[in-house]
Amino acid sequence: MDKVFLINGPNLNLLGMREPEIYGKTSLSRIVKIVKGLARQKGVKLKSYQSNHEGRIIDRIQSLTNKGFKGLIINPGAYTHYSYAIRDAIKASGLKTVEIHLSDIEKREEFRKVSVIKDVCAAQIKGLGPEGYVKALEILLDS
Ligand code: DQA
């Protein structure tokens, strides 16, 4: 069975409670359940991890190398905008990676318009809310 990995970064554990006017009312556990269900339907096992810590996210990305994962979906939260270390880890992993954001980062504050991981990812999904995770999985499996 193919395997894919989903990583959510800082503050995404608060989804549903955190700024619902921006991020919606759906909890992270609900989103993960939905995406896992879709993955299962497609014959793929989805494993998921959330951390508020940059180093732990990097450790997890490193641990995926050569473990037979078909790809990685990642919402790095605010690390998106400045973590060259996460960018380097994605690149070093060699994994096909899809970047996902619930909100449309292009239409928010200036600092959010920059993604330092965008060009090491196969695609960037933004502004679709929880549905974006489903789309990210479809893109990841589409090859
Ligand atoms: C986010 C956008 C980031 O700018 C923010 O720091 C987040 C969530 C999103 O999913 O829209 O934590 O990645």
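A pocket, on a 1 Å grid over the protein atoms alone, is an open set of points where a 1.4 Å probe fits, with protein on both sides within 12 Å along at least five of seven lines. A molecule sits in a pocket if more than half of its atoms lie within 2 Å of its grid points.

The model is predicted, with local features needing pLDDT of at least 70 and side-chain atom pairs pLDDT 80 or more, while totals for chains, interfaces and linings use all residues. Residues are numbered from 1 along each chain as its sequence is written, and side-chain values use heavy atoms, without hydrogens and water.

View 1. The space that the ligand takes is the largest pocket. Around the ligand are Pro10, Arg18, Tyr23, Asn75, Gly77, Ala78, His81, His101, Leu102, Ser103, Ile105 and Arg112, each with a heavy atom within 4 Å of it. This shell has 5 nonpolar, 5 polar and 2 charged residues.

View 2. A polar contact is a pair of N or O atoms within 3.5 Å. Ligand oxygen atoms lie 2.8 Å from a side-chain N or O atom of Asn75 and 3.1 Å from one of Arg18. For Ala78, a backbone N or O atom is 3.1 Å from a ligand oxygen. The protein buries 99% of the 320 Å² that the ligand exposes when taken alone, by the Shrake-Rupley method with a 1.4 Å probe.

**View 3. An aromatic pair.** The whole structure holds 2 aromatic pairs (ring centres within 6.5 Å). One of them, Phe5 with Phe69, is edge-to-face, with centres 5.6 Å apart and 80° between the planes (edge-to-face: over 60 degrees). Phe5 belongs to strand β1 (residues 2–8) and Phe69 to strand β3 (residues 69–75), 64 residues apart; strands are DSSP runs (E, at least two residues).

Key
A polar contact is a pair of N or O atoms within 3.5 Å; within protein, one must be able to donate a hydrogen and the other to accept it, and residues adjacent in sequence count only if both atoms are side-chain atoms. On a 1 Å grid over the protein atoms alone, a cavity is a set of points where a 1.4 Å probe fits but cannot get out, and a pocket is an open set with protein on both sides within 12 Å along at least five of seven lines; lining residues have an atom within 4 Å of a point. Ala, Val, Leu, Ile, Met, Phe, Trp, Tyr, Cys and Pro count as nonpolar, Asp, Glu, Lys and Arg as charged, and the others, Gly among them, as polar. Rings of Phe, Tyr and Trp (its six-membered ring) pair if their centres lie within 6.5 Å; planes under 30 degrees apart count as stacked, over 60 as edge-to-face and the rest as tilted. Helices (H or I, at least four residues) and strands (E, at least two) are DSSP runs, numbered from the N terminus.
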